[in-house]
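These are my notebook entries on a two-chain model. I looked up the contact between the chains, then the charged pairs, the annotated spans and the confidence values.

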Amino acid sequence: MFKIFSDLNRKALLNASIAMVLVIVLVYVGSRDLQNFDAALIAYLFGTVFAVFGIMYRYSVWVQRPPTRLYWRRTWKFVFSKRFFPYLGFVITQFVKNILFQRFIYPRGKSRWIGHFLLATGCMLAFAVTIPLTFGWIHFTLLPGTTDIYVAHVFGFAVSKFELGGLIAFNAFHILNWCSLFVIIGAILMMRRRLTNGGLIATQSFQDDWMPLVLLLAISVTGLGLTFDYSFMQGKTFEFMSVTHAITVILFLVWIPFGKFFHIFQRPAQLGTNVYRKEGERLGMAVCPHTGEAFATQLHVNDLKKVTRELDFNFDMEGGGSHLDYSPEGKRAALAKAQFAAREKEGSFFG
Amino acid sequence: MAAGPDSNFNPDMEFFVDMQRCIGCRACEAACAECETNGQEPMIHVNYVDRAHSVQTTVQVCMHCEDPACANVCPADAIAKDGNGVVHSANTSRCIGCSNCVLACPFGVPKKMEAAELMMKCNLCYDRTSVGKKPMCATVCPSGALFYGTREEIRKKRPNSDPVNTFKFGAQTVHTKVNIMMPKGSTELRVH
């Protein structure tokens, strides 16, 4: 019965617990001893705290895997070295291009990129708004002595004011609706792909590929339903809308560590691999003994030899060297030559 | 990707490769690009073995290893083997384009699509094999270098050969789902 506890990864459990406590402390401090905390959002807070715990747990387990650990260590060692500064511009460009705009998806398909960009932008904007609201870091008050000026407070400090009914107010109060529209269009584009692409139909699963889209769609539709209700239905269905919206959002938050949404937290590793490759190119390239051409950085080949050994693979050859010293083309040629040699030895090339 | 075996996948059908029969026509490449799981990109490799000395070409599909090095070295957990023993192309949402799999695969199979920062590879035409059909390349190979069928069929076609799925790369032994045709009586192929 308690096997689950003995199977837990202690390091990950510790990191996850620290992250969870840190979030609770930040909520307490950031909301000024909870005086700015909106109690109506308590269920969302529980969902977020659970998500933080789960994400940190999975992330910690993930970075303990030998290949991930190697990249993780290499990246941080490099970031804290003086050689990192020339790459700062490169990292910022990559971040904007590949994280904010997910430009690497464009070569995989134009509508795929549009769909993903809308989903990602809608989600990121929504996170940026709802997390500070849920944590009590942001709240609004009426300017004393007025009935139409709103003041925005961040961590309890007044930072800006705007007129009710103005453009800023309209967008500030409807930003989650815009996010919902982005997500709905994005999810429909992605669902269309999944219904029409033969390759995806053959390999997709409900849990990994459809459920995330269905969840995002449900969150967005019920979210829009809230606005629809108080704008056009005099709040008659508010309870239903708010409860269904809360259920879908909390399901989403709880699901983040387990399913496809975890890729949001894995993706920044792509920046690390790009820097790793650039720095490796500076240090020197590996040349394939078969083709005589450079095929990868020597740093990468050497690191891979260490990682494969850690994973109980041993590609060392008897006469010295390693099979990993060969480029992919060299490896394919080596296999073909070995088969040819066996056929030649037998005296018949075709059997 | 589903972890369990697909009920429509025919476990009696196997892949048999005989590179010695490859004539370099690249029909398999054209057919491979038709595979819907690749997104119209050919994943099969056809190249000269040693162009300075020979016109011999070789053909390489994914060997679908029992314990795939590509999946083991993937830092993003993007490569998975399913219940049918098929090692799938990288999960597009996870792959970070690091090329670990490209360099670690002992058969030189995975390709890195540079612009898309994505690893892709042959996945046994899963859209076809998962419904009992043959992979595209095996349906068009004119010389018999690529054959997909039962052991019984290959035994009749190649009476003087035996399929081998154990490979030695230095100190490493690799067992695969895909077979390479070797002289009768062979049990393994030592590469280095």
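Entry 1: With which residue does A:Arg65 form a salt bridge, and how far apart are the closest N and O atoms? I note first that the model is predicted. I found that the partner of A:Arg65 is B:Asp77, with 2.5 Å between the closest N and O atoms. I then looked up the count of salt bridges between chain B and chain A, which is 3. For polar contacts across this interface, I recorded 34 residue pairs, both residues being at pLDDT 80 or more.

**Entry 2: the elements of chain B at the contact.** I listed the elements of chain B that each supply at least two residues to the side touching chain A. The helices among them are H2 (69-73), H3 (100-104) and H4 (126-129). The strands among them are E2 (45-48), E3 (57-60), E7 (161-169), E8 (172-183) and E9 (189-190). The most is given by E8(B), with 5 residues. By residue class, I read this side of chain B as 34 nonpolar, 19 polar and 14 charged.

**Entry 3: extent of the contact.** I looked up how many residues take part: 64 from chain A and 67 from chain B. Between them, chain B and chain A bury about 5,400 Å², and carbon and sulfur atoms account for 57% of that area. On the side of chain B, the residues that lose the most area to chain A are B:Gln20, B:Ile96 and B:Leu103, which together make up 14% of what that side buries.

**Entry 4: salt bridges over all chains.** I took the count over all chains, which comes to 19 salt bridges. I examined A:Arg69, which pairs in this way with A:Glu310, the closest N and O atoms being 2.4 Å apart. Since A:Arg69 belongs to helix H4 (residues 66-79) and A:Glu310 to helix H13 (residues 298-310) of chain A, the pair ties together parts that are 241 residues apart in sequence.

**Entry 5: annotated spans of chain A.** From the unreviewed UniProt entry, I noted the annotation "transmembrane region" for residues 12-29, 41-64, 113-138, 167-189, 210-228 and 240-258 of chain A. I checked two of these spans in the model. Residues 41-64 of chain A are 88% helix and 0% strand, with the end C-alpha atoms 35 Å apart. Residues 210-228 of chain A are 100% helix and 0% strand, and their end C-alpha atoms lie 26 Å apart.

**Entry 6: confidence.** For the complex, I recorded an ipTM of 0.95 and a pTM of 0.91. Chain A has a mean pLDDT of 94, with 99% of its residues at 70 or more. Within chain A, helix H1 (residues 3-6) has the lowest mean, 71, and strand E4 (residues 285-287) the highest, 98. Chain B averages 93, and 96% of its residues score at least 70. Among the elements of chain B, the mean is lowest for H4(B), at 92, and highest for H3(B), at 98.

Notes: Residues are numbered from 1 along each chain as its sequence is written. Chains are lettered from A and ligands numbered from 1 in the order in which they are written. This is a predicted model: local features need pLDDT of at least 70, side-chain atom pairs count only at pLDDT 80 or more; totals for chains, interfaces and linings use all residues. Side-chain values use heavy atoms; hydrogens and water are left out. Contact means heavy atoms within 4.5 Å. Buried area is the accessible area (1.4 Å probe) that two parts lose on being put together, summed over both. A salt bridge is a side-chain nitrogen of Lys or Arg within 4 Å of a carboxyl oxygen of Asp or Glu. A polar contact is a pair of N or O atoms within 3.5 Å; within protein, one must be able to donate a hydrogen and the other to accept it, and residues adjacent in sequence count only if both atoms are side-chain atoms. Helices (H or I, at least four residues) and strands (E, at least two) are DSSP runs, numbered from the N terminus. Ala, Val, Leu, Ile, Met, Phe, Trp, Tyr, Cys and Pro count as nonpolar, Asp, Glu, Lys and Arg as charged, and the others, Gly among them, as polar. UniProt positions are given in the numbering used here, feature names are shortened, and annotations may be inferred rather than shown by experiment. pLDDT is the predictor's confidence in each residue, from 0 to 100.
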